[in-house]
Amino acid sequence: MNAPDGLIQQFAEQLYRGATLSDAQALQLSACDDTAALMTIAATLRDSGFRNVVTYSRKVFLPLTQLCRDVCHYCTFAQTPRHIDAPYMAIDAVLEQVKAAEKLGCKEALLTLGEKPELRYRVAREALDAMGFATTLDYVAAVAERIVQETTVLPHINAGTMDSNEITKLRRVSASMGIMLESASTRLCGKGQPHYGSPDKDPALRLETMRLAGEAAVPFTSGILIGIGETRRERIESLLALRDVHARHGHLQEIIVQNFRAKPNTLMAQAPEPDLTELLWTIAVTRCIFGSAMSIQAPPNLSPGVLPQLISAGINDWGGVSPVTPDYVNPEAPWPHLDNLARETASTGKLLQERLTIYPAYALNYSRWLDAGLHTKLLDSIDAEGFPRIDNWAPGEHVPPPAFDLQLLNKPLKKSPQTISADIQTIVQRARAGEKLPEEQVVRLFQARGDDFAYVAQAADALRREVNGNGVAYVVNRNINYTNICYFKCQFCAFSKGKLSENLRGRPYDLAPEEIQRRVREAWSRGATEVCMQGGIHPEYTGQTYLNILAAVKEAEPEMHVHAFSPLEVWQGAQTLGVGLEEFLLRLKAAGLGTLPGTAAEILDDEVRAVLCADKIRTDEWLQVIETAHRIGLRTTATIMYGHIEKLEHWARHLLRVRTLQEKTGGFTEFVPLPFVAMEAPLYLKGKARRGPTFREAVLMHAVARLVLHTQISNIQASWVKMGEAGVAACLAAGANDIGGTLMNESITRAAGAMHGQELPPENMDALIRNCERIPSQRTTLYGEPDAAQVVASYNADVLTDIINTPAKRYERSEKRALVRHADPIVIASN
């Protein structure tokens, strides 16, 4: 029997609108034999939810015990005591395997075991007693705890049926758990059926375990096993039972569709296996029932040679693949080599992307889905989208950029290559035409991976050539941070010091006017045309303090351009004088202020700022300061500080808010991405932030900024002090045309742990730029041509005199304390 064509078309239209099939509608699919039509619907749904990405988890498979009280008729995993060397793996042996797998890049430890063997076998009870455990799950909890404590690998536990106390115990030491429903049909538990004699295969017990896991907020895996005697209708009934438990708690990360494989020496050794059409039909129906958002998985080792068809049927995940251990449940089916899996995935126009055992959406919502003791471990492992970091690069560190990303940047791409997602090409074309992109399309650009990443970066670079030519500009300048005392509590800042600072790194200081003037004169003598001046928000500073600083600079060198005072300093200065923003900015301008740095922006979204810098000015206040400055003729830069707690949508909103203001005022000179340098940042030391953007994300920030801000901001700057010289070179190939300033005394980023130095003199700047086959040029702050005498003076300049940071003794501590990064809890170490 086949469902009418009109019904399938009706279902397709319903699903494409984002609606869900009712239970009755889903059951009607059992009569549909048009597998090709179902696959078309499923693939479209999959693409709308997961784009061009197919995921997998790099895992180590650990069979903690193969003893089991159940006797499933198709299983070779479960063994009797006389067929195994030991009832349980020794914990030290488990750790040895996990650590070896960790070195090979594995991030998941799959802990698999038979169900409650101590209830059937005396040898299991004796082994547990000898190890000091009352139950198998007590032993499993101890194993997982050691893995968490001693490695970076995250446990996934398949422990069978559990009660709420057991789930709670294992949740503390695992990132996810799972139990296969296999089938909701009680018929299969009857005499002569595959689950006869297996009390833990009672569907009600397994669904109850899932319900309890949902109540406990455990990211969970389940699925069905097809070809063990169930009907198509029973399969759909099983899928609907899973959908129902997920609807209540939202905790099912994935649905596995696993095809039965007949195994020798089992009661089902001669049973027929489901054919490919049956597998494809079931995958497609599963996608139709669960819609576009659910991950649908099919194990690749059980269907060698037909993997592209499985993708065409609607899957978006291959599950765990191990480079070090076999599939102990299906030992006859070796894992595909990852290179081969990537090739077969790519043959369908998809990108193979590694994931963690906890899926990205759950990883990003870690406060709900993970025990607090795992938060730090997870945050250290993920990028802004919740996927795993797969290299050691981090901003500010002396680690070379990942070769894979560099190769992609240089990969030759055709004008409209088939390997580039169609939506990415359309979005890039809109950006090149100068259109203002909606938030979701900016987010999509930030999601670019693989060839999409290369395409976005190369498109940005082509746009840069059209707008800026092949020149790369920089300014010879000096950073002067006049105080590191600050009463604000920005969680990312390792620079500010004071009685309330959380991490004292260097003594508090407040520069004397004479020292400021000495540095200004020295900078001018070394060819500088700009001093960039910012500091902490000193509790004793008023607006007059900033006016006095300007007077000191102009007295020392009247021609020096002063690029100074963040919007936060301007806001605070106006308040302390009891005047409006415009009045205070006019006073600053009259006193010699040339331009404002658009710092203190961090992320222009109050959802992020509430955590990152709760006592700082709000997004609208930052924008108000900048707009006011532009209105009175003070131009500014715009910055973003990214890679900590924010998500892709926050990046998109930030860029669009900058663009909107620029459309109104035209006052931004350049956009400056500032990757979060984590090493000494309090938020990172507390284990509550990621460790900066990945290299791909850092390059994309420059490329996407070029595209999103096109026609409005023509200069995109890369920070050598954060990205390093190799990172800057990559950004120059992805839309950047400026590398900032020589700095002379960089201290804020170095305070956060950066290792790229405090000055990059013109000779080095020129060499870096020429090595990128670009043309170097010095500029002024406002992108004019600097005085020729200053340019000459900037080369072969004298060595800098040691700086003098005027101590602020009243702000020193009697006891120095430093945050030391651990998991949880945080340890405060006294020096």
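Helix α25 covers residues 619-631, and its 13 residues reach 18 Å from the first C-alpha to the last, close to the 18 Å expected at 1.5 Å a residue (1.5 Å times one less than the number of residues). Helices here are DSSP runs of H or I with at least four residues, and strands are E runs of at least two, numbered from the N terminus.

This is a predicted model, where local features need pLDDT of at least 70 and side-chain atom pairs pLDDT 80 or more, while totals for chains, interfaces and linings use all residues. Residues are numbered from 1 along each chain, and side-chain values use heavy atoms, without hydrogens and water.

Among the buried residues of α25 are Trp-622, Leu-623 and His-630 (buried means under 20% relative accessible area, with a 1.4 Å probe and protein chains only). Just after α25, Gly-633 has a positive phi of about 95 degrees.

Asn-301 is buried, with a relative accessible area of 3%. Its neighbours, leaving out residues up to four places away in sequence, include Arg-261, Asp-327 and Trp-335 (heavy atoms within 4.5 Å). The side chains of Asn-301 and Asp-327 lie 3.0 Å apart in a polar contact (N or O atoms within 3.5 Å, one able to donate a hydrogen and the other to accept it).

| Element | Residues |
|---|---|
| α25 | 619-631 |

Terms used: Buried means under 20% relative accessible area, exposed over 50%, partly exposed in between (1.4 Å probe, protein chains only).
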